[in-house]
Amino acid sequence: MKKVFIFLGPPGSGKGTQTSRLSDKLSIPHVDTGSLLRKNIQDNTELGKIAKGYIDKGQLVPIEVVSEVIKDRLQKDDCQNGYILDGFPRSIEQAQALKDILASLDKFTLKDDTLAIYFDIDNEVLIQRLINRRSCPKCGTIYNLISNPPKIMDYCDICDTKLTQRKDDNEQTARARFETYEKETAPLYEYFKQLGILREIKADKPISEIWEDLKQIVFEE
Ligand code: AMP
């Protein structure tokens with residue numbers, strides 16, 4: 001079985017939810033650049049100060065910042081048996097940076113150890129999904145007010161904490177994130193296809209069905 005999984009797809013395509021499930025199932029960490037960057041902003045680090053302006057506008061944070069954050073994360077003990085990358089790489093340039101980072105860590109390669117899984121779904125469906133996305137700030141559970149609502153509106157089913165909405169999930173920033181995705185990230189589809197490591201999942205289905213498709217891909221390899 002492969003050890004490194006790259007989850008590729010537009011914002012809100014359900015990658016985060018499936019990553020958490022796969023991370024539990026395989027006991028490998030979910031490495032999510034968006035969360036790592038938001039943590040830097042919260043902790044008011046130098047990297048966080050640079051990242052904030054870009055995130056608020058729905059633009060990509062400069063590659064030097066993201067590469068530093070990701071390289072640091074992949075060296076941690078819990079990444080030595082594999083990991084799931086969610087939100088990185090996000091451009092051809094970042095894919096090349098990932099190749100260099102993997103070479104320097106000398107543990108896994110794109111060609112032999114990696115699967116890129118593309119979540120295929122229509123953009124307009126996604127914009128609605130993003131605007132209705134809420135998450136629990138305490139335990140991280142993700143909800144959707146329309147397709148996967150909490151039992152009590154606005155409160156987490158698991159720990160009863162009041163749910164929050166990400167600042168960049170408003171309509172204007174959501175649309176800007178899609179434009180960035182189409183321009184910068186969509187070309188990775190062909191890049192990974194040419195490397196022979198791309199697999200596709202239809203993501204306009206219920207979460208449980210996507211999960212079944214994902215397991216089939218991951219365990220068949
Ligand atoms: P996400 O949580 O993956 O939707 O990311 C939220 C925001 O963080 C994005 O809109 C970007 O501004 C920034 N970001 C996350 N991952 C990356 C990355 N790999 N490269 C550049 N910016 C990123």
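This is a predicted model: local features need pLDDT of at least 70, side-chain atom pairs count only at pLDDT 80 or more; totals for chains, interfaces and linings use all residues.

Me: How does strand 1 run relative to strand 3, and how many bridges join them?
Reply: Strand 1, residues 4-8, runs parallel to strand 3, with four bridges between them. Within that pairing, phenylalanine 7 is opposite aspartate 86.

Me: And strand 2?
Reply: Strand 2 (residues 30-32) is also joined to strand 3, by three bridges, and the two run parallel. Valine 31 has leucine 85 as its bridge partner there.

Me: What does leucine 85 touch, leaving aside its neighbours within four places in sequence?
Reply: Leucine 85 is in contact with Phe5, Ile6, Phe7, Val31, Ile70, Leu74 and Leu98.

Me: How many residues are in the largest nonpolar core, and which have the most contacts inside it?
Reply: The largest nonpolar core holds 33 residues, and Leu74, Tyr83, Leu85 and Phe192 have the most contacts inside it. At least two residues each come from strand 1, helix 3, helix 4 (63-74), strand 3, helix 5 (92-105), strand 4 (114-120) and helix 9 (188-195).

Me: Which element gives the most to this core?
Reply: Helix 4, with five residues. There is also a second, separate core of 22 residues, with Leu22, Phe119, Ile127 and Ile210 among them.

Me: Changing topic to pockets. What is the volume of the second largest pocket, and what lines it?
Reply: Its volume is about 340 Å³. The lining consists of Ser35, Arg38, Lys39, Ile41, Gln42, Lys52, Ile55, Asp56, Arg166, Lys167 and Asp168.

Me: How does that lining divide into nonpolar, polar and charged?
Reply: Two residues of the lining are nonpolar, two are polar and seven are charged.

Me: Which helix gives the most to the lining of the second largest pocket?
Reply: Helix 2 does, with five residues. Helix 2 (33-42) and helix 3 (46-57) each supply at least two.

Me: Now the backbone. Where is the cis peptide bond?
Reply: The bond from phenylalanine 88 to proline 89 is cis, with omega near -5°. Proline 89 is in the loop between strand 3 and helix 5.

Me: Which residues other than glycine have a positive phi?
Reply: Aspartate 106 is one of them, with phi of about 55°. Aspartate 160 has a positive phi too, near 65°.

Me: Where are they?
Reply: Aspartate 106 is in the loop between helix 5 and helix 6 (110-113). Aspartate 160 lies in the loop between strand 6 (142-144) and helix 8 (171-185).

Me: Is each of those two buried or exposed?
Reply: Aspartate 106 is exposed, with a relative accessible area of 68%. Aspartate 160 is exposed as well, at 53%.

Me: And asparagine 132, buried or exposed?
Reply: Asparagine 132 counts as buried because its relative accessible area is 15%, and the cut-off is under 20%. This residue is in the loop between helix 7 (123-131) and strand 5 (133-135).

Me: What does asparagine 132 touch, not counting residues up to four places away in sequence?
Reply: Asparagine 132 touches Tyr143, Asn144, Leu145 and Ile146.

How values were computed
Residues are numbered from 1 along each chain as its sequence is written. Side-chain values use heavy atoms; hydrogens and water are left out. Two strands pair if DSSP finds at least two bridges between them. On a 1 Å grid over the protein atoms alone, a cavity is a set of points where a 1.4 Å probe fits but cannot get out, and a pocket is an open set with protein on both sides within 12 Å along at least five of seven lines; lining residues have an atom within 4 Å of a point. Grid points are joined across faces, edges and corners, and a volume is the space filled by probe spheres set on the points. Ala, Val, Leu, Ile, Met, Phe, Trp, Tyr, Cys and Pro count as nonpolar, Asp, Glu, Lys and Arg as charged, and the others, Gly among them, as polar. A nonpolar core is a set of buried Ala, Val, Leu, Ile, Met, Phe, Trp, Tyr and Cys residues joined through side-chain atoms within 4.5 Å. Buried means under 20% relative accessible area, exposed over 50%, partly exposed in between (1.4 Å probe, protein chains only). Contact means heavy atoms within 4.5 Å.
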